[in-house]
Amino acid sequence: MKFFGALLLVAGLAAAQSSMMASMASTPAGMMTHTVTVGGVKPAADPTGTPTPNLAYQPESITANIGDTVLFVFLQANHTVTQSTFAHPCVKMPGGADSGFMPNPSGAAGVTFSMPVTASEPLWFYCKQKVGTHCGKGMVFSINAATTGDKTFSAYKQLAIAQNGTALSTAGIVATAASAVASTVTVVAGSASAAAASATVAVGQGTLGDGSACSCQCLCGANSFPANAGVNQFGGFGGTIS
Ligand SMILES: *[C@@H]1O[C@H](CO)[C@@H](O)[C@H](O)[C@H]1NC(C)=O
Ligand SMILES: *[C@@H]1O[C@H](CO)[C@@H](O)[C@H](O)[C@H]1NC(C)=O
């Protein structure tokens, strides 16, 4: 009897879900509010650490219909939502939408900016806070970005980091311009009889957990291990980060 009851409940949920989906699909344009949080803090990686600023919109990319509303909920600390072009992610588009600075140092509820969606083509936004280089760290947002091709949300975000980034917190490690930094070194393994191999040093920049910048170097193309050495083994060489 209990089993039968549970089955009925599951069936009921499924029915509710599918009718909800049907009503979402048939909702006429102009009826939907998309809530996007702006900024806030991320919990520290370890329990004793300090939380780090969350330089992001959540979600960072949405699809919306003309007539829908996007409700931006501003958390810590002092952000904007400002419209740009795809080509220049961190520069205000002439005549574009702009919330202006919405400081909320304590993360209190109710600091919001409401924006109607008035176009169906892709719309691009960023945070214009220069203290901390928010846009250059990838604090960008899009509405109706293509999911394939050249003008995806991820391409826009990479452009923001490429054009305005100095410390690369959200993009992770990227190689800096090869012409500027790559150098070729000669690696001689162990004994004098070992063949010299030509290798390149790739230099990258990244951000440590505490937000400070770091650089790293990777030796690429040196001798490989002998065939089968290390197969099914774990381990490696310890590295340092400077
Ligand atoms: C928010 O940031 C802007 C730009 O950096 C600054 O002019 C303004 O004073 C800040 N507001 C507060 C309350 O921190
Ligand atoms: C991004 O860089 C451009 C070019 O240097 C500059 O004009 C713009 O103000 C920067 N944007 C932000 C948000 O820092």
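**Disulfide, ligand shells and aromatic pairs**

One disulfide is found in a search of the whole structure, which is a predicted model. The bond joins C90 to C135, with an S to S distance of 2.0 Å. The link of C90 and C135 is left-handed, at -80° about the S-S bond. C90 and C135 are both buried. A further cysteine, C127, has its sulfur 8.0 Å from the closest cysteine sulfur, that of C135. Because a disulfide requires sulfur atoms within 2.5 Å, this separation is too far for a bond. C127 is buried, at a relative accessible area of 0%.

C90 also takes part in the surroundings of ligand 2, which consist of C90, Y126, K130 and N164. A nitrogen atom of ligand 2 lies 2.8 Å from a polar backbone atom of C90. An oxygen atom of ligand 2 is 2.8 Å from an N or O atom in the side chain of K130, and an oxygen atom of the ligand is 2.4 Å from an N or O atom in the side chain of N164. Ligand 2 has 360 Å² of accessible area on its own, of which the protein covers 56%. By class, the residues of this shell comprise two nonpolar, one polar and one charged.

Ligand 1 is surrounded by N78, F101, P103, Q129 and V131. Contacts to side chains involve oxygen atoms of the ligand. An oxygen atom of ligand 1 is 2.4 Å from an N or O atom in the side chain of N78, and for the side chain of Q129 the corresponding distance from a ligand oxygen to an N or O atom is 2.7 Å. The protein covers 41% of the 360 Å² of accessible area that ligand 1 has on its own. The shell around ligand 1 divides into three nonpolar residues, two polar residues and no charged residues.

Seven aromatic pairs are present in the structure. In one of them, F86 and Y156 are tilted, with 6.1 Å from centre to centre and 35° between the planes. F86 is located in the loop between β8 (82-84) and β9 (102-103), whereas Y156 belongs to helix α2 (residues 153-164), so this pair ties together parts that are 70 residues apart in sequence. Both F86 and Y156 are buried. F125 and F141 form another tilted pair, at 5.9 Å centre to centre and 45° between the planes. This second pair links distant parts of the chain, with F125 in strand β11 (residues 123-126) and F141 in strand β12 (residues 140-143), 16 residues apart. F125 counts as buried at 1% relative accessibility, and F141 counts as buried at 0%. Ring pairs also link F125 and F141 with Y57, F72 and F113 into a cluster.

Backbone geometry was examined next. Most residues other than glycine have a negative phi, and most peptide bonds are trans. A cis peptide bond joins Q58 and P59, with omega at about -5°; P59 lies in the loop between β4 (57-58) and β5 (61-62). The peptide bond from Q76 to A77 is also cis, with omega near -5°, and A77 is placed in the loop between β6 (69-74) and β7 (78-79).

T133 is not a glycine but has a positive phi of about 50°. T133 is in the loop between β11 and β12 and counts as partly exposed at 26% relative accessibility. N144, likewise not a glycine, has a positive phi of about 60°. N144 is found in the loop between β12 and α2. With a relative accessible area of 15%, N144 is buried, because the buried class covers values under 20%.

S106 lies in the loop between β9 and β10 (112-116). At 59% relative accessibility, S106 counts as exposed. The C-alpha atoms of S106 and G40 are 9.3 Å apart in space, while the two residues are 66 residues apart in sequence.

Key. Residues numbered from 1 in each chain as written. Chains lettered and ligands numbered in written order. Predicted model: local features only at pLDDT ≥ 70, side-chain atom pairs only at ≥ 80, totals over all residues. Heavy atoms only, no water. Near = heavy atom within 4 Å. Polar contact = N/O pair within 3.5 Å; in protein donor to acceptor, adjacent residues only side chain to side chain. Areas by Shrake-Rupley, 256 points an atom, 1.4 Å probe, with all protein chains shown as cover. Nonpolar A, V, L, I, M, F, W, Y, C, P; charged D, E, K, R; others polar. Phe/Tyr/Trp six-rings, centres within 6.5 Å; stacked < 30°, edge-to-face > 60°. Helix = DSSP H or I, 4+ residues; strand = E, 2+ residues; numbered from the N terminus. Buried < 20%, exposed > 50% of the residue type's maximum accessible area, 1.4 Å probe, protein only.
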